[in-house]
Amino acid sequence: MPQTARQTRTPDTSPGQGYISALPPEGALPGFPRRLCLLGGTGSIGASALSVVENNPERFVVAALAGARNLALLAEQAARFRPARLGVLTAQGADALAGMLPAGYRPDIVHGPEGYASLAADADSDVVVSAIVGAAGLLPTLAAVQAGKIVALANKESLVLAGNLIRQACRDSGAVILPVDSEHNALFQALGGPGLPELPHVASLVLTASGGPFRDKSAAFLQTVTREQALHHPNWSMGPKISVDSATLMNKGLEVIEACRLFGLPPQRVEVVVHPQSIVHSLARYHDGSLLAHLGPPDMRLAIAYCLGYPGRIPLDLAPVDLVALGSLTFEAPRHDDFPCLSLARHSLTLGAWGPVALNAANEEAVDLFLADRIAFLDIPRLVEFALNAPAGVYADDLDAILEIDRATRHRVRERAGGSAHRG
Ligand code: NDP
Ligand code: MG
């Protein structure tokens, strides 16, 4: 396990502080139709969110929609949902997008991190769906939280990077965080949503993991994994980054940190169990031995619709889970030695606040390099371990420090990989 001499002033979790945000009573929440700002609209979560909106036109209006580089898809979505504001990554992209829209439809088009943040904080939306992938989601998520929005949060990386800042901002602004990540959404539901103050009676949270495409593959096989194999998840259809994270089990590691930040529990009270069928989305273990689970089909529309309709439920036309056809639900322990990313994520929490920031940055860079065929699959945990062994040099007390650790770690990992990349 990596060693470090790093000390920290900031605790990385907030044990005993309960759920990250207040959960106001139904009467204090916006009625329907709700006005949505959808960030990461051109991604996998974005497509699922738009599908929920499309099937519930009386409940939801898309007020703002953002993608990054996929302008053709964004133009097509914008033509269908006609949001008043759009966001893209670059100024050139904004110009190009304007030329791709139907005649007579002239939305305001913003670009870059500030543009996304302005959409997130815009008074014209009630609910912000935060579904940008990676650390790029942090600033827009923070902007939404600071503006006091209801935030349907898919971007787990922002909690990994800045859970304490987001918790504090929720306290200051009255923002409400609703977890889209299926395990955390399951826990939110199993714990009773507004009943979350009952958390002291919870012994632990049990996150389920599918185990990814290589759950039953040999250690020798893992040395030969290709990009295509890693992108092929057995149960879920997701974007490339989270698909690779699922294959390495880093996704579950990030989710352990996400659970600590969301529910205010220490990592010792967050368990992980492999459940290959992905039907039990997670469980809460109570002090009396009870386990309350949430079950459902492996389809992200379930969690998204729950957040968008909260605290009510929106009917969905997903194929029901046929328990008899399934026959059995199985559970097994994660293979920590073959999939070290899960242990590395837990280890990062022992390093202080900089640890998860460095873990996330190293992982994002390593996954990019793997997807570009520059490093092997098993180089991903190697590079993350390398990053955690190199003290970051600054404390992660505030946003500037977090961004600096993120930047410095990415640089170090790129340099290291440049020296050791062996694929192409
Ligand atoms: P995708 O890769 O499918 O989509 C990512 C989205 O982010 C796209 O809209 C993309 O735009 C946009 N994007 C990429 N880079 C930037 C950037 N620098 N600035 C702004 N926007 C950017 O990812 P997913 O939908 O799979 O995942 C999104 C988030 O949700 C992740 O944090 C993931 O961990 C989380 N999540 C996803 C789940 C899933 O089932 N997919 C499940 C649980 C959580 P474009 O394509 O136009 O370039
Ligand atoms: Mg998940």
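Predicted model: local features only at pLDDT ≥ 70, side-chain atom pairs only at ≥ 80, totals over all residues.
Side-chain values use heavy atoms, without hydrogens and water; residues are numbered from 1 along each chain as its sequence is written, with chains lettered from A and ligands numbered from 1 in the order written.

**Domains**
- The protein splits into domain 1 (32-179), domain 2 (190-297 + 311-326) and domain 3 (338-419), with bounds from an automatic or database domain assignment.
- The C-alpha centres of domain 1 and domain 3 are 27 Å apart.
- Domain 1 gives 10 residues to the contact and domain 3 gives 11 residues (contact: heavy atoms within 4.5 Å).

**Interface of domain 1 and domain 3**
- The two domains bury about 740 Å² between them, 76% of it on carbon and sulfur atoms (buried area: accessible area, 1.4 Å probe, lost when two parts are put together, summed over both).
- Val160, Leu161 and Leu165 supply 54% of the area that domain 1 buries against domain 3, more than any other three residues.
- Helix H5 (138-146) and helix H6 (156-173) each give two or more residues to the domain 1 side (helices are DSSP runs of H or I, at least four residues; strands are runs of E, at least two; both are numbered from the N terminus).
- H6 provides the largest share of that side, five residues.
- By class, the domain 1 side has eight nonpolar, one polar and one charged residues (nonpolar: Ala, Val, Leu, Ile, Met, Phe, Trp, Tyr, Cys and Pro; charged: Asp, Glu, Lys and Arg; polar: the others, Gly among them).

**Ligand 1**
- Ligand 1 is surrounded by 26 residues (a heavy atom within 4 Å).
- The closest are Thr42, Ser44, Ala68, Arg69 and Glu157.
- A backbone N or O atom of asparagine 70 lies 2.9 Å from a ligand 1 oxygen atom.
- For glycine 43, a backbone N or O atom lies 3.1 Å from an oxygen atom of ligand 1.
- A polar backbone atom of valine 133 is 3.4 Å from an oxygen atom of ligand 1.

**Salt bridges**
- The rule counts 23 salt bridges.
- One of them joins arginine 35 and aspartate 124, with the closest N and O atoms 3.0 Å apart.
- This pair links distant parts of the chain, 89 residues apart.
- Arginine 35 is in strand S1 (residues 34-39), and aspartate 124 is in the loop between helix H4 (112-121) and strand S5 (127-130).

**Polar contact rule**
- A polar contact is a pair of N or O atoms within 3.5 Å; within protein, one must be able to donate a hydrogen and the other to accept it, and residues adjacent in sequence count only if both atoms are side-chain atoms.

Definitions and conventions: Salt bridge = Lys/Arg side-chain N within 4 Å of Asp/Glu carboxyl O.
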